[in-house]
Amino acid sequence: IWKIDNIMNNLLDKSIKIKNKHPFILSLVLYVIACYFIYGHYVIGLGLNKSTIGYSLIYNNFIWNIAWLNHSLSNFSNPFYTKYLWYKSGVSLSWNALFLPAYGIISSAVIKIVSPIAWANIIYLLQPVLASFFAFILLFKVTKSFSGSFAGGFIYGFSSYMIEELLQANIGYMTIFIIPVVALLCYLLFIKEISNKKAYIL
């Protein structure tokens, strides 16, 4: 019992030191752990290549688009048009949100290492983590309170809204981390922590 108490006290002391010195790293680690137990343990347990998180047809469409983008870039073909759908006339893909530069460029590089199904699962699992983390940064910058900021970030990133959109696989509606990022940039610009030039670049 005495040894267990010493171990627990040491862990508590270390966590307090990490919280004081590296609050952002600690919050990110905790959000990743929370995401694993809330959403990811089932999918990761079965295998990222063998199962999906959402049950919507949008999820299947998203996986197909990831594979198509890699195929089109590898063969130097038009990524915004394909004849693999509605053959022979083909169909325009310019409406699809997948072709936003962030998802497109990163996806085309990553799926050379992992499968489109696994990468789609990773993208979806990252959404609540990113939303919570950036909300935490914003709140912590304003309040300087770790516990309050962590709770606010958790509520924002793991809300019932996020759960529903994750199950529906609406990637466009899940990308809500942009809101605290924009608010954070505005706040940092307002208090002159970053210059106007840096804010415009970001």
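**View A. Cysteine 186 is partly exposed because its relative accessibility is 48%.** Residues are termed buried under 20% relative accessible area, exposed over 50% and partly exposed in between, with a 1.4 Å probe and protein chains only. The structure is a predicted model, in which local features need pLDDT of at least 70 and side-chain atom pairs count only at pLDDT 80 or more, while totals for chains, interfaces and linings use all residues. Residues are numbered from 1 along each chain as its sequence is written, and side-chain values use heavy atoms, with hydrogens and water left out. Cysteine 35, at 5% relative accessibility, counts as buried. A disulfide is a covalent bond between the sulfur atoms of two cysteines. With a disulfide taken as a pair of cysteine sulfur atoms within 2.5 Å, the whole structure contains 0 disulfides.

**View B. The protein chain comprises 10 helices and 2 strands.** Helices (H or I, at least four residues) and strands (E, at least two) are DSSP runs numbered from the N terminus. Of the 202 residues in the protein chain, 37% are buried. Contact denotes heavy atoms within 4.5 Å; among contacts with a separation of 6 or more, 65% join residues 24 or more positions apart. The accessible surface of the chain amounts to about 12600 Å², and carbon and sulfur atoms supply 71% of that area.

**View C. A nonpolar surface patch is formed by Ile25, Val29, Leu30, Ile33, Tyr36, Phe37 and Ile44.** Together these residues present about 630 Å² of accessible area. Patches consist of residues with over 30% relative accessible area and no salt bridge, like charges being joined within 9 Å and nonpolar side chains (Val, Leu, Ile, Met, Phe, Trp, Tyr) within 5 Å. A salt bridge is a side-chain nitrogen of Lys or Arg within 4 Å of a carboxyl oxygen of Asp or Glu.

**View D. Tyrosine 36 belongs to helix α2, residues 23–46.** Its relative accessible area of 36% places tyrosine 36 in the partly exposed class. Residues up to four places away in sequence aside, tyrosine 36 touches His41 and Ile44. Valine 129 lies 93 residues from tyrosine 36 along the chain, yet their C-alpha atoms are separated by 9.8 Å.

**View E. Helix α7, residues 160–168, carries the buried residues Met162, Glu165 and Leu166.** These residues lie on the same side of α7, because they cover an arc of only 105° around the axis; the arc is that of the directions from the helix axis to the C-beta atoms. An α-helix has 3.6 residues a turn, so residues three or four places apart point the same way. The buried residues of α7 pack against α2, α5 (116–143), α6 (146–157) and α8 (171–174). Glutamate 165 is buried at a relative accessible area of 12%. Neighbours within four places in sequence being left aside, glutamate 165 contacts Asn170, Tyr173 and Met174.

**View F. Lysine 144 and alanine 169 have positive phi values.** Most residues other than glycine have a negative phi. Lysine 144, located in the loop between α5 and α6, has a phi near 65°. At 57% relative accessibility, lysine 144 is classed as exposed.

Notes:
Accessible areas come from the Shrake-Rupley method with a 1.4 Å probe; for residues, only the protein chains shown count as cover.
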